[in-house]
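Please look at the structure below with its aromatic side chains and its ligand in mind. The paragraphs that follow are meant to be read beside it.

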Amino acid sequence: MSSSVLAKRIQTLSPSATLAVDAVVKKLEREGTKILNLSLGEPDFKTPENIQNAAVTAMREGYTHYTQTAGIPELRTVISEKFRKENSIDYDPSEIVVGVGSKQLLYHAMMALCGKDDEVLVPTPTWSTYVEQIRLAEATPVCIQLQPPFRLRAQDIEKHITPRTKAIILNSPSNPTGAVIGKEELQKIGDLAVKHNFWIIADEIYEKLLYGGVHVSVASLSDAIRARTITINGFSKSYAMTGWRIGYAGGPKEVITAMVNLQSQTTSNTSSIAQYAAVEAITGDQKSLGIMKQEFEKRREYLLDEFSRIPNLKVVEPDGAFYLFIHIEASLHTGMKT
Ligand code: PLP
């Protein structure tokens, strides 16, 4: 018998390494150390002013109470329109849930769909949260190890499918590699999910940070794929709203209802104020989004150029998101300090 007072699922849980590094950085900053914080995937811009103003107005007008668990109808309606216009997916507002960041919705999707005896495919390198959330749901993560340039192909997946495969995580553009899965390959992956009867959890949080090309949502590729996909997105990255804790998911009603029910027993609605701000984020002026993207693009070019001059470091050119995935193995053998 284990001597720990903690439940088994918590004993084996790894805390978020990025949040831990960020906590150390914040402590050093409080102590007066100047430090360049590259730990969290967080835009360093302020939330655009029109979004801040919408939040202030909501507060002043008294929208500071509980809302519907799934989110205020105004927000779910504009998200539904956004999905239709930008992602070519038809989700009725009743097929949409708004939650405490996309992280919570990823967890709730995992809890709603997967459990003991299920396997979940995770293309790797990956954002470590997926693996921990799969474990919390008592399912088994099955990593699909990708090689540079880390673009997932259907053929990489096929050999990992078993009768226990319940779902796959797709994150395009990807954290941490910035890799994007092209439309043709997405179609093949979606068709595999249909053929082998597993779910797709599509984390599209970086959809607006693409350097060339257009974003394709896997759920838009056929009705059969849509019927087994949960599309997850949020405001943190595109609108510099990480602290507001607001994200959303669209999917078949049965699963979304289960996620709403779970949310009703955990956090209830996310912040009412953040929800009104999010309506403005979607429907208001998108100018700041373009400005932030341009700046990320400039930094990407600069860093790619600088890193290319450092011997023994290999950098994969990211197609999207705001990460650089640097291969340091060769430098380890030279004894170079990294
Ligand atoms: N998905 C990916 C791939 C991320 O990198 C992150 C944050 O780093 C999230 C989801 C979580 O975002 P949110 O702030 O919406 O919870």
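This is a predicted model: local features need pLDDT of at least 70, side-chain atom pairs count only at pLDDT 80 or more; totals for chains, interfaces and linings use all residues.

Residues are numbered from 1 along each chain as its sequence is written, and side-chain values use heavy atoms, with hydrogens and water left out.

A pair of aromatic rings is described by the distance of the centres and the angle of the planes. Rings of Phe, Tyr and Trp (its six-membered ring) pair if their centres lie within 6.5 Å, and planes under 30 degrees apart count as stacked, over 60 as edge-to-face and the rest as tilted. Searching the whole structure gives 12 aromatic pairs. One of them joins Trp-127 and Tyr-130, whose ring centres are 5.2 Å apart with planes at 85 degrees, so the pair is edge-to-face. Tyr-130 has a relative accessible area of 2% and is buried, where buried means under 20% relative accessible area, exposed over 50% and partly exposed in between (1.4 Å probe, protein chains only).

Phe-150 and Phe-325 form an edge-to-face pair because their planes stand at 90 degrees, with the ring centres 5.4 Å apart. This pair links distant parts of the chain, 175 residues apart: Phe-150 is in the loop between strand 3 (140-145) and helix 7 (154-158), and Phe-325 is in strand 9 (residues 325-327). Helices (H or I, at least four residues) and strands (E, at least two) are DSSP runs, numbered from the N terminus. Phe-150 counts as buried at 9% relative accessibility, whereas Phe-325, at 27%, is partly exposed. Elsewhere, ring pairs connect Phe-45, Tyr-206, Phe-296, Phe-322 and Tyr-323 into a cluster.

A polar side-chain atom of Tyr-206 lies 2.7 Å from a ligand oxygen atom, and for Ser-102 the corresponding distance to an oxygen atom of the ligand is 2.8 Å.

Finally, Glu-185 lies in helix 8 (residues 183-196) and counts as buried at 19% relative accessibility. Leaving aside residues up to four places away in sequence, Glu-185 touches Leu-152, Arg-153 and Ala-154, contact meaning heavy atoms within 4.5 Å.

Definitions and conventions: A polar contact is a pair of N or O atoms within 3.5 Å; within protein, one must be able to donate a hydrogen and the other to accept it, and residues adjacent in sequence count only if both atoms are side-chain atoms.
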